[in-house]
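Take a look at the sequence and the model below. This short report walks through a few of its features.

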Amino acid sequence: RPKKLQSFMFIQAIETLCLFASRPADFFDDLRSFTIRHIKYGVKSEYVKPFGKAVMQGLEELAGDDWNNETRQAWWSVWLRLSSCVARSLNVGTNVLVVALVQGDVDKLEQAARCAPRQERHQWMTRVDVNGEELSPL
């Protein structure tokens with residue numbers, strides 16, 4: 001990815017960490033749209049851990065001599081709590097039906113619907129759960 005995009009993503013990650021630490025209610029208000037947006041991008045929960053390591057390494061390099069054990073523990077503490085929420089949301093929201101709906105992929109949607117037991121297809125198609133919140137795909 002171009003360096004500008006990587007820089008933007010790094011800044012977004014830091015802003016999200018700060019939001020989570022300072023105003024967790026605002027973070028959780030935005031979690032659904034955050035999750036849906038990341039599902040669209042193809043982000044999987046297993047990407048969260050290496051991304052966190054990269055963010056922490058970036059912070060350490062930026063902080064230079066100001067990076068110490070206390071600083072490291074504080075940032076990691078926030079990251080671990082935030083990443084747990086994000087990974088769990090991605091896991092919950094990434095069944096084949098939700099992915100097909102979010103991506104607007106008709107072929108995947110048909111395949112997902114065929115996987116559902118016949119008597120449950122209407123529920124699969126009209127009730128989508130993302131992070132414990134039911135959304136209507138219609």
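## A loop residue

Which residues does Ser45 touch, not counting residues up to four places away in sequence? Keep in mind that this is a predicted model. Ser45 sits in the loop between α2 and α3. Its contacts, with those sequence neighbours left out, are Ala87, Leu90 and Asn91.

Is Ser45 buried or exposed? Its relative accessible area is 18%. Buried means under 20%, so Ser45 counts as buried.

## The nonpolar core

The largest nonpolar core has 21 residues. Leu17, Phe27, Val55, Leu82 and Val86 have the most contacts inside it. Four helices each supply at least two residues of this core: α1 (3–22), α2 (24–41), α3 (48–63) and α4 (69–92). The largest share comes from α4, with 7 residues.

Look at Val55 next. Leaving out residues up to four places away in sequence, Val55 touches Phe10, Ala13, Ile14 and Leu17. Leu17 and Val55 are both among the core residues with the most contacts.

## Two sides of a helix

Now turn to helix α6, residues 106–115. Leu109, Ala112 and Ala113 are buried there. Seen down the axis of α6, the buried residues fall within an arc of 100°, so they line one face of the helix. An α-helix has 3.6 residues a turn, so residues three or four places apart point the same way.

What about the other side of α6? Asp107, Arg114 and Cys115 are exposed there.

Notes:
Residues are numbered from 1 along each chain as its sequence is written. This is a predicted model: local features need pLDDT of at least 70, side-chain atom pairs count only at pLDDT 80 or more; totals for chains, interfaces and linings use all residues. Side-chain values use heavy atoms; hydrogens and water are left out. Buried means under 20% relative accessible area, exposed over 50%, partly exposed in between (1.4 Å probe, protein chains only). The arc is that of the directions from the helix axis to the C-beta atoms. A nonpolar core is a set of buried Ala, Val, Leu, Ile, Met, Phe, Trp, Tyr and Cys residues joined through side-chain atoms within 4.5 Å. Contact means heavy atoms within 4.5 Å.
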